[in-house]
Amino acid sequence: MKPLGDTLSVLAVQFALLSLMAFGGANAVVPEIHRQAVDIRHWMSDREFAALFAIAQAAPGPNFLVSTLIGWKAAGIAGALVATLGMCAPSCVLTYWISKLWDRRREAPWRVAIGAGLAPVAVGLVCSSAFVLARAADRNWRLAAVTGLCAAALSFSRISPLWCLAAAAALGFAGALA
Amino acid sequence: MTGLVAAPAVIVTALAMLYARFGGIAQTQGALAGLAAAAAGLVVATASRMAAPLLRRRWRLTAPFMLAAFAAVGVLQLPLPYVMAALAPASVALVWRRPG
């Protein structure tokens, strides 16, 4: 077991770095969080990662809160605090400065090129998140079916995601997905 | 801003603590497994919703970068900073040279 200070500084640096790369939202950096937390640092299992991500999705609030839970799992309350700040602070400051410039120059060619150029990379990253999460969560065909049905329901209807989460949790609670 | 983050952060941490406390019970495990599968489905839907307009408009330009990012980060699990450093400038440069 490493000393707490080491873990906290790793959390601060990792999440601050990630927050600067989260062009496609927090969902774009989920694979990197997973790689760090599960594969490299062994803070949790694949299954725990999927569960913590799910809790962050189901709870109210912005979806970068998954960083709060990773920090919590790695180093308790202090870890939760450090990871949340790390994920927020740099991008909040950047957003403040850049978004003004960004909005003012909506028509500028460089602005259009950067936006259009980053978009496909961000989408590829969100696809990666979907893949990493599905691989961690879908341990049997029933769970895989839940993932597929939720994806289809949310793609082809305007149903609230909370209904999907609630229904799946209820089915799981009743033991229907084991 | 602080309130927007702090309150949900406290709520979500409290939920995770409950999960840690009662995670051993079969029902909790089942509910969490279902929740995790549904949350993965949510992200699949988000991904397809983001991908559709890009693929409809300029797939020749966008599809290679989407696939490259997916293969590198999703399948091969390469470190994100390196992948971004390689793909983002290339993608922006291509759009710059062939705008519209």
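**Exercise 1. Find which residues of α2(A) are buried.**

*Solution.* Start with the term: a residue is buried if 20 or more other C-beta atoms, placed from the backbone, lie within 10 Å of its own. In this predicted model, the residues of α2(A) that pass are A:V30, A:P31, A:E32, A:I33, A:H34, A:Q36, A:A37 and A:V38. That makes 8 of the 11 residues in this helix, which spans residues 30-40. Helices here are DSSP runs of H or I with at least four residues, numbered from the N terminus.

Next, look at the cover. It includes α1 (4-21), α3 (46-58), α4 (66-104) and α5 (109-137) of chain A, along with α2 and α3 of chain B. Finally, step past the helix to A:H42, where phi is positive, near 55°.

A note on labels: residues are numbered from 1 along each chain as its sequence is written, and chains are lettered from A in the order in which they are written. Local features need pLDDT (the predictor's confidence in each residue, from 0 to 100) of at least 70, while totals for chains and interfaces use all residues.

**Exercise 2. Describe the side of chain B that touches chain A.**

*Solution.* First, count: 55 residues of chain B are in contact with 72 residues of chain A, contact meaning C-beta atoms within 7 Å. Then sort by element: α1 (2-22), α2 (26-75) and α3 (80-97) of chain B each give two or more residues, and α2(B) gives the most, with 33.

**Exercise 3. Judge the confidence in chain B.**

*Solution.* Its mean pLDDT is 91, and 96% of its residues reach 70 or more. By element, α1(B) is lowest at a mean of 88, and α2(B) highest at 94.

How values were computed. Predicted model: local features only at pLDDT ≥ 70, side-chain atom pairs only at ≥ 80, totals over all residues. Contact = placed C-beta atoms within 7 Å. Buried ≥ 20, exposed ≤ 12 C-beta atoms within 10 Å, placed from the backbone.
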